[in-house]
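User: Hi! Could you walk me through this structure? I have some quick questions.
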Amino acid sequence: MDGKAATRRGVLQAGAAAATAPAWLLAGKAPAYAQAAKPFAGTTLNISCWASPYARFIGEYLPEFTEATGIRVTYDTPGFPIYNQRADLELSTKGSAYDVLNITFIFTSRWIGAGWFTPLDEFLNDRNRTPADWDFADFLEGSVRPMKDRQGRIYGAPWVADVLCGGSGRFDVLRQQGLGMPDTFAELERAMAAIHMKDDIPAFIVENHYGWVFIPFLQGFGGNVFRNPPDDLFPTLDSAEAVEAAEFLAKLLRQYGPPQAIGYNVDQTTLAFRTGRVNYQVNNHAFLVPASEPGSRVRGTANFSLIPAGPKGRFPGIASHAWGIPVGSRRKPAAWEFIKWSLSKELMNRMVNEKGYAAVTRASILNAPGFRERTMVNGFDMTQLYIDTLALAAQGHMRYRTVHVYPQANAQITQALERIISGQMGARESLRQAQQNTIQDLRRAGIRF
Amino acid sequence: MLGLAPALIVLAAITIAPAGYLFLTSLTPLNLTMPGTAWDFSGPHYNYLDLWEDERFLRSAWFQAHLSVATVALQLLGGLGAALLLNRDTPIRRFGRSALLVPMVLPPIAVGILWRVMYTVDISPFHRFMAWIGLPVPPLTTDPDFALWAIVLVDSWEWFPFTMLLVLAALQMIPESPIEAARIDGANGWQMFRYVLFPYIAPTLVVCALFRLIDSIKAFPLIYVLTSGGPGDATTVTNYYAFVQAFNFSLWGYASAIATLMVATIFVISWIIDRLGGNSDGRHD
């Protein structure tokens, strides 16, 4: 209904408003004269994203969007797995319940390939809808690439390019042992052994989404999830390298982790870092940066590094997530207004300045003078860490993740690691089971080997 | 017969039609990312054949059996014990009856959250207390040996009042005369229970077992909140496995086959218990 109301006159008015007053719209604040030009006033958008620092900040700025456009927003940010299940089901029905949804990296191939999102090209290429200075080309190419289909159509506008890094909340404890930030797996193991339970703090934790955090270890030892993704999707979860990697990570968690280490989801891991309850972790850049926020107990002691390298190299997890418009949405023009606002240079700059947000996807902001200073944490240059990690994407090691059947492998990897870490099974046996199960699940999903 | 038609139509619309659709779906390889699979009946038996070769499904059925037997047994014992204790009309017991009903009326998610806190070592008052008295308890939900029992404990805590309530009602329906007669004959407590009370409440216990057994097969919220089926697949019971196949992998045809099998199992169990209930019903007539 709103979509219909917004056609022709509404869109023309929106285009005119955007063309003549992009600055106020994008900045989220409307001058008095612009109040009358709110073509989508009265529209209510339903928007959902998984809980992340960016999603939290957007929630805090939303009243400004409503004030500027007259668009009301129903906004929810469930946890990552819950969001994905809900979005997957909602998208599969091609329903109209949501107008803007996050396109989760792991689901890009599946959701975009199934035609569940609207191509954004018609919005991006229409100067009435998108002023030139909004500048889509400014988004980091690596973060946009997974949001395209084979024809090059764009389905998502990326709000985060996140990378896995190493972080020590109590680097002072490492220092006391004469150690620096671990740069290799061998150094990591030595460091964890040296600092475990110093000051009563367990040494090591990673979130229990092992389908994400285990892969850098797997690839570091020379293994991979599939034989040659995306062309050859035969799983290789029971390789000797995989067994070695699983034993390595399991040892770190069992010997140097807190009790119930396999129960730590990303929220608990992040909280443990901020409160100094676990010393070292491999976590997303976006979740490590809040260590500098008020209330953090590690503001003065935190330090960071690239994810440690294994014998075969350094393979940090790199993922981008993007806003997209579900194909069933009946309020697409208004949804596009939200996406433009939430990813505008002005709002992203404000997020950097006011919230310390660092995992930005716009090159102009990353390269802006003063950005580095604003995203320093305890004297550490988080921007350089971000850039250096993103540069490692050129190795192409993330290709395993954007194939449409990765969710199946992801579930098996997570379960296999849980079995190993909890002592339920040995690494070889557990990974062999994961391999068999993945083959079975992939066959069921229509993959022929 | 014509007069029953509206009721039969409503019945067909609200129960038989969805069940029929579920069964039809189970005969297809429906995958939501592949719309062409929706009405593909080229291999109607594939999903069912696949189930017997799927070790994870068979293991989930085994975990389901463990969970069901343990929770029903604990709930019957706990509910029966509580009912016998509270089978007197004193103010304290009246208060006890009301207080013990609280777990049953809590929303399952609230129960899950409550016990998630109780099972989280860092913040759990239970774990802290046990550590304080020198008997530290290992993390229960992340230990494969304890995880299923942790679910059993919570499910039993939540639902034993159901048995308690029904058994209490049955106890209060027992006439005074056989109890008086047994007392005069010098029956001790156990004899009173075994030979006088139990025959009266046995049919009620069968009904409780039936209801709780069916409900245990539907166990989902506690597992979702407390363990997500883990560690590994230690708490992946059958309906959680179906949920994963449908909602994580979009394999709705396969998940429907699992669901159909579960519905059939519930029917069979209900029929068996109903037969047993019918037999026990006649014992003290």
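Analyst: Happy to, and here are a few notes on the model before your questions.
Analyst: This is a predicted model, where local features need pLDDT of at least 70 and side-chain atom pairs count only at pLDDT 80 or more, while totals for chains, interfaces and linings use all residues. Residues are numbered from 1 along each chain as its sequence is written, chains are lettered from A and ligands numbered from 1 in the order in which they are written, and side-chain values use heavy atoms, with hydrogens and water left out.

User: Thanks! How many helices and strands does chain B have?
Analyst: Chain B has 13 helices and 0 strands; helices (H or I, at least four residues) and strands (E, at least two) are DSSP runs, numbered from the N terminus. Its C-alpha atoms fill a box of roughly 75 × 65 × 30 Å along the principal axes.

User: How many residues of chain B are in contact with chain A?
Analyst: 35 residues of chain B touch 31 residues of chain A, with contact meaning heavy atoms within 4.5 Å. The two chains bury about 2700 Å² between them, 48% of it on carbon and sulfur atoms. Buried area is the accessible area (1.4 Å probe) that two parts lose on being put together, summed over both.

User: And how many salt bridges are there across the interface?
Analyst: The rule finds 3 between chain B and chain A, a salt bridge being a side-chain nitrogen of Lys or Arg within 4 Å of a carboxyl oxygen of Asp or Glu. Asp441(A) forms a salt bridge with Arg56(B), and their closest N and O atoms are 2.8 Å apart.

User: Which helices of chain B supply that side?
Analyst: α2 (46-53), α3 (55-85), α6 (108-119), α12 (238-248) and α13 (252-281) of chain B each supply at least two residues. The largest share, 5 residues, comes from α12(B). By class, the side of chain B that touches chain A has 16 nonpolar, 11 polar and 8 charged residues. Here Ala, Val, Leu, Ile, Met, Phe, Trp, Tyr, Cys and Pro count as nonpolar, Asp, Glu, Lys and Arg as charged, and the others, Gly among them, as polar.

User: Switching topic: which peptide bonds are cis?
Analyst: One is the bond from Pro229(A) to Pro230(A), with omega near 5°. Pro230(A) lies in the loop between β6 (226-228) and β7 (232-235) of chain A. Another cis bond runs from Gly230(B) to Pro231(B), with omega near -5°, and Pro231(B) sits in the loop between α11 (221-226) and α12 of chain B.

User: What about Lys94(A), is its phi positive or negative?
Analyst: Phi of Lys94(A) is near 55°, a positive value in a residue other than glycine. Lys94(A) is found in the loop between α5 (80-92) and β3 (100-103) of chain A.

User: Why point out those two kinds of feature?
Analyst: Because most residues other than glycine have a negative phi, and most peptide bonds are trans.
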